[in-house]
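Reader: I have a new model on my screen and would like to learn to read it. Where do we start?

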Amino acid sequence: MVDVLVYAAILLVFLNALSFFAFFRDKGAAKKGTWRTPERRLLFLALLGPFGAAAAMRAFRHKTQKTKFRLVPLFLCLQIGLFAALVLFLV
């Protein structure tokens, strides 16, 4: 049971790092005027890794004014709830 939690935690760290990197890369592309990551992909990554997305949005002031990206805090709460449910279910 503990192994599942450890693997889940490792997966969450990876997904949040990936999300953070995607937002970072998109902000750099926006500054340079080069190819951008589609918003749909950024939102999907934010769903999978909301901590990374929220941190990047704050750190780089990226996508903070877009209405769609107000879903990121909701994704964050959803992930906390799902992880808490997993912990309660497995322990």
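Predicted model: local features only at pLDDT ≥ 70, side-chain atom pairs only at ≥ 80, totals over all residues.

Reader: Why does a spacing of three or four places matter in a helix?

Author: An α-helix has 3.6 residues a turn, so residues three or four places apart point the same way.

Reader: Are Phe 21 and Phe 24 buried, partly exposed or exposed?

Author: Buried means under 20% relative accessible area, and exposed means over 50%. Phe 21 has 49% relative accessibility, so it counts as partly exposed. Phe 24 is partly exposed too, with a relative accessible area of 43%.

Reader: How is a pair of aromatic rings described?

Author: By the distance of the centres and the angle of the planes. Now the case here. The structure holds four aromatic pairs. In one of them, the ring centres of Phe 21 and Phe 24 are 6.5 Å apart and the planes are at 40°, so the pair is tilted.

Reader: What about the rings of Phe 24 and Phe 60?

Author: Their centres are 5.2 Å apart and their planes are at 50°, so this pair is tilted. Phe 24 belongs to helix H1 and Phe 60 to helix H3, so the pair ties together parts that are 36 residues apart in sequence. Phe 60 has 22% relative accessibility and therefore counts as partly exposed.

Reader: Which residues do the ring pairs link into a cluster?

Author: Phe 20, Phe 21, Phe 24 and Phe 60.

Reader: On to helix H3. Which of its residues are buried?

Author: Helix H3 covers residues 50-60, and its buried residues are Pro 50, Gly 52, Ala 53, Ala 56 and Met 57. Look down the axis of H3. The buried residues fall within an arc of 160°, so they line one face of the helix.

Reader: What is exposed on the other side of H3?

Author: Arg 58 and Ala 59 are exposed there.

Reader: Which helices do the buried residues of H3 pack against?

Author: They pack against helix H1 (2-32), helix H2 (39-48) and helix H4 (72-90).

Reader: What follows H3?

Author: Arg 61 does, and its phi is positive, near 50°.

Reader: Now the surface. Which residues make the nonpolar patch?

Author: Val 2, Val 6, Tyr 7 and Ile 10 make a nonpolar surface patch of about 430 Å². Take Ile 10, which is in helix H1. Its relative accessibility is 52%, so it counts as exposed.

Reader: Let me step back to the whole protein. How many helices and strands are there?

Author: There are four helices and zero strands. Along the sequence, the pattern reads α-α-α-α. The C-alpha atoms fill a box of roughly 50 × 20 × 20 Å, taken along the principal axes.

Reader: What share of the residues is buried?

Author: Of the 91 residues in the protein, 32% are buried. The protein exposes about 6400 Å², and carbon and sulfur atoms supply 72% of that area.

Definitions and conventions. Residues numbered from 1 in each chain as written. Heavy atoms only, no water. Buried < 20%, exposed > 50% of the residue type's maximum accessible area, 1.4 Å probe, protein only. Helix = DSSP H or I, 4+ residues; strand = E, 2+ residues; numbered from the N terminus. Arc of directions from axis to C-beta. Contact = heavy atoms within 4.5 Å. Patch = residues over 30% accessible without salt bridge, like charges linked within 9 Å, V, L, I, M, F, W, Y side chains within 5 Å. Areas by Shrake-Rupley, 256 points an atom, 1.4 Å probe, with all protein chains shown as cover. Salt bridge = Lys/Arg side-chain N within 4 Å of Asp/Glu carboxyl O. Phe/Tyr/Trp six-rings, centres within 6.5 Å; stacked < 30°, edge-to-face > 60°.
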